[in-house]
Amino acid sequence: MKTILYLVFTMSVSFVQGQDNKGLSDQHQFWGTWSLISVENINADGSKIAPYGEHPVGMLVFTKEGKYAIQILKANRSKVLANDKDKATTEENAALVRGNNSHFGTYTIDENKQVIVFTIQHAFYPNWEGITQVRTYSLKDSILTYTVTTPTSGGAAVAKVVWRKN
């Protein structure tokens, strides 16, 4: 009888550990830093726009503690001529705003639904602060692609964002 109970206990522990490790191994694929490959806004009529240019730069960080940070920049931004951001012209400020998107907060991954849930604590675009965004994703060969259904451009566009694991 002791042997049977021991076997049942051992199998139960192994099963639970296997379940925990499976969830951990799936999540850990996201942990670390990612480099931006592209951002493409797709309008309702099917037309496409690269809001940060053809070769944007950016970094995405996912921590194992469930925190994230995203920085997206247009690669070819003009410098502020006064060399002082407080003295930038209206046009320079507008270009800086259009060429930047950053936010940070916490995240969860639902692999079954293939979604990343971003809970945005703070953002360059203040309309996103304090909200949760659900983004469908695919992850293959260290390439993460997700869809933003409410991009900063507003309207009926959706954004397709592609990252490469470092």
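The model is predicted. The largest nonpolar core has 24 residues, and β6 supplies the largest share of them. Strand β8 pairs with β7 and also with β9.

**Nonpolar core**

- Among the 24 residues of the largest nonpolar core, those that touch the most other members are Phe62, Ile116, Leu144, Tyr146 and Trp163.
- At least two residues of this core come from each of β1 (32-42), β3 (57-62), β4 (67-73), β5, β6 (115-123), β8 (143-148) and β9 (158-165).
- The share from β6 is four residues, the largest of any contribution to this core.

**Strand pairing around β8**

- β7 and β8 are antiparallel and are paired over four bridges.
- Within this pair, serine 138 has threonine 145 in β8 as its bridge partner.
- β8 and β9 also run antiparallel, and six bridges join them.
- On that side, valine 148 is bridged to alanine 159 in β9.

**The turn between β7 and β8**

- The hairpin of β7 and β8 has two residues between the strands.
- Most residues other than glycine have a negative phi.
- Aspartate 141, however, has a positive phi, near 50°.
- Serine 142 is not a glycine either, and its phi is positive at about 65°.
- Aspartate 141 counts as exposed because its relative accessibility is 67%, and the cut-off for exposed is over 50%.
- Serine 142 has 40% relative accessibility and therefore counts as partly exposed.

**Asparagine 100**

- Asparagine 100 is located in strand β5, which spans residues 100-110.
- With a relative accessibility of 15%, asparagine 100 counts as buried, because buried means under 20%.
- What does the side chain of asparagine 100 make a polar contact with? The partner is the side chain of glutamine 71, at 3.0 Å.

Definitions and conventions: Residues are numbered from 1 along each chain as its sequence is written. This is a predicted model: local features need pLDDT of at least 70, side-chain atom pairs count only at pLDDT 80 or more; totals for chains, interfaces and linings use all residues. Side-chain values use heavy atoms; hydrogens and water are left out. Buried means under 20% relative accessible area, exposed over 50%, partly exposed in between (1.4 Å probe, protein chains only). A polar contact is a pair of N or O atoms within 3.5 Å; within protein, one must be able to donate a hydrogen and the other to accept it, and residues adjacent in sequence count only if both atoms are side-chain atoms. A nonpolar core is a set of buried Ala, Val, Leu, Ile, Met, Phe, Trp, Tyr and Cys residues joined through side-chain atoms within 4.5 Å. Two strands pair if DSSP finds at least two bridges between them.
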